[in-house]
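Me: I have a model open and want to go through its side-chain contacts. Can you take my questions one at a time?

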Amino acid sequence: MVMNNEDIRTIIGIIGNVISFFLFISPAPTIWRIFKNKSVEEFLPDPYIACVMNCLLWIFYGMPFNHPDSTLVVTINATGLVLELIYLTSFLIYGKNSHRKKIIAWLAIELVGLGAIAGLDLGFFHTHASRSNFVGIFCVVFGIIMYGSPLTIMWKVIRTKSVEYMPFPLSLAAFLNGCCWTTYALLKFDLFILIANGTGAVLGLTQLILYACFWRTTPRKNERPPSEVQLQNV
C-alpha cells in the first residue's frame, strides 16, 4: 500500500505530538523539586506564563473555523496547556507574593488578549485563509519567543563553559520537535507552522552544538537538577 502525502503528514504529526509531549513534560523534575522542598527557590514562572499564551493561540489556530484538518496541532497544545497550568500552580502555592501577583496579572492579560484576537478574527475575517493568516501571525510571534527563550541559557553556557543548566535530552527533543513539525508543515504547506518550528529546529541544533563543545568542561561535582526553560511546540 502506497501512502499519500496526507497519510505521511498524519504519521509525522503523531510523532511530533509524542516529541512535543516530552518537551512539555521536561520541567517535571523542577516542579517536583518545588513541591518536595515547598519552595520555588530561584526558579521563575515566566517561561510557563509565556507558554500558556503560546498554547492558547495554537489551539485557537487549529480550530475548524480557522484552520481545518489541524487536530494534531490542537491535541498537543491542549495537553501542553494543562501541564503549564499545573506548573504555574506550584508557583501559586509555594511562590512569593510577587510570583502570585505576576501569574494572576499575566494570565488575565493573556485571556483578554486572546479574547480580543478571537473577536477580531471571527468578526472581521470570514474565510479559512484570512482567519489562518490573521491568527497565524500571532502564533509565529509567540512561537519564536518560546523557542528563543533558551537564548539566555545558551549565553550562560558560552560564558561559563558549562552545560549544567542545558540538559542534553531537552536540547535533543527541541531539535527533533522542530524538525518533525517543519516536515509536517512542508507536506501540506503551512507557512506559520513552518516559520515557528523551522526557527526551533535551528535553535535546537545550536544547543546541540554548544553541548558538544562544552560538555567536557562541565563540572561533575555537586550537580543538581537543572533549571529548565520551557519551549513550545507548535
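Me: Before that, what kind of model is it, and how are the residues numbered?
Reply: It is a predicted model, in which local features need pLDDT of at least 70 and side-chain atom pairs count only at pLDDT 80 or more, while totals for chains, interfaces and linings use all residues. Residues are numbered from 1 along each chain as its sequence is written, and side-chain values use heavy atoms, with hydrogens and water left out.

Me: OK. How many salt bridges are there?
Reply: The structure has 3. A salt bridge here is a side-chain nitrogen of Lys or Arg within 4 Å of a carboxyl oxygen of Asp or Glu.

Me: Start with Glu41. Where is it?
Reply: Glu41 sits in the loop between helix H2 (28–37) and helix H3 (46–61). Helices are DSSP runs (H or I, at least four residues), numbered from the N terminus.

Me: And which side chain does Glu41 meet in a salt bridge?
Reply: That of Arg33, at 2.6 Å, N to O. Glu41 also has a polar contact of 3.1 Å with the side chain of Asn37. A polar contact is a pair of N or O atoms within 3.5 Å; within protein, one must be able to donate a hydrogen and the other to accept it, and residues adjacent in sequence count only if both atoms are side-chain atoms.

Me: What does Asp46 pair with?
Reply: Asp46 forms a salt bridge with Lys102, at 3.3 Å, N to O. This pair links distant parts of the chain, with Asp46 in helix H3 and Lys102 in helix H5 (residues 97–124), 56 residues apart. Asp46 is partly exposed, at 34% relative accessible area, and Lys102 is partly exposed at 31%.

Me: And Lys188?
Reply: Lys188 bridges to Asp69, with the closest N and O atoms 3.5 Å apart. These two are 119 residues apart: Lys188 is in the loop between helix H8 (168–187) and H9, and Asp69 is in the loop between H3 and H4. Lys188 is partly exposed at 35%, while Asp69 is exposed at 54%.

Me: Switching to rings. How many aromatic pairs does a search of the whole structure find?
Reply: It finds 10. Rings of Phe, Tyr and Trp (its six-membered ring) pair if their centres lie within 6.5 Å; planes under 30 degrees apart count as stacked, over 60 as edge-to-face and the rest as tilted. One of the pairs is Phe35 with Tyr94, which counts as edge-to-face because the planes are at 85 degrees, with ring centres 5.6 Å apart. Phe35 is in helix H2 and Tyr94 in helix H4, so the pair ties together parts 59 residues apart in sequence. Phe35 is partly exposed at 30%, and Tyr94 is partly exposed at 25%.

Me: What about Tyr48 and Phe91?
Reply: That pair is tilted, with 5.9 Å centre to centre and 40 degrees between the planes. Tyr48 lies in helix H3 and Phe91 in helix H4, so parts 43 residues apart in sequence are tied together. Tyr48 is buried at 2%, and Phe91 is buried at 0%. With Tyr87, the two form one aromatic cluster.

Me: Now H7. Which of its residues are buried?
Reply: In helix H7 (residues 151–160) they are Ile153, Met154 and Val157. They lie on the same side of H7 because they cover an arc of only 105 degrees around the axis, the arc being that of the directions from the helix axis to the C-beta atoms.

Me: What do the buried residues pack against?
Reply: Helix H9 (191–214). On the other side of H7, Thr152, Trp155 and Arg159 are exposed.

Me: Last one, Asn66. Where is it, and buried or exposed?
Reply: Asn66 is in the loop between H3 and helix H4 (71–94), and it is buried, with a relative accessible area of 0%. Its side chain makes a polar contact of 3.4 Å with that of Asp121. Leaving aside neighbours within four places in sequence, the contacts of Asn66 (heavy atoms within 4.5 Å) include Phe60, Tyr61, His128 and Arg131.

Terms used:
Buried < 20%, exposed > 50% of the residue type's maximum accessible area, 1.4 Å probe, protein only.
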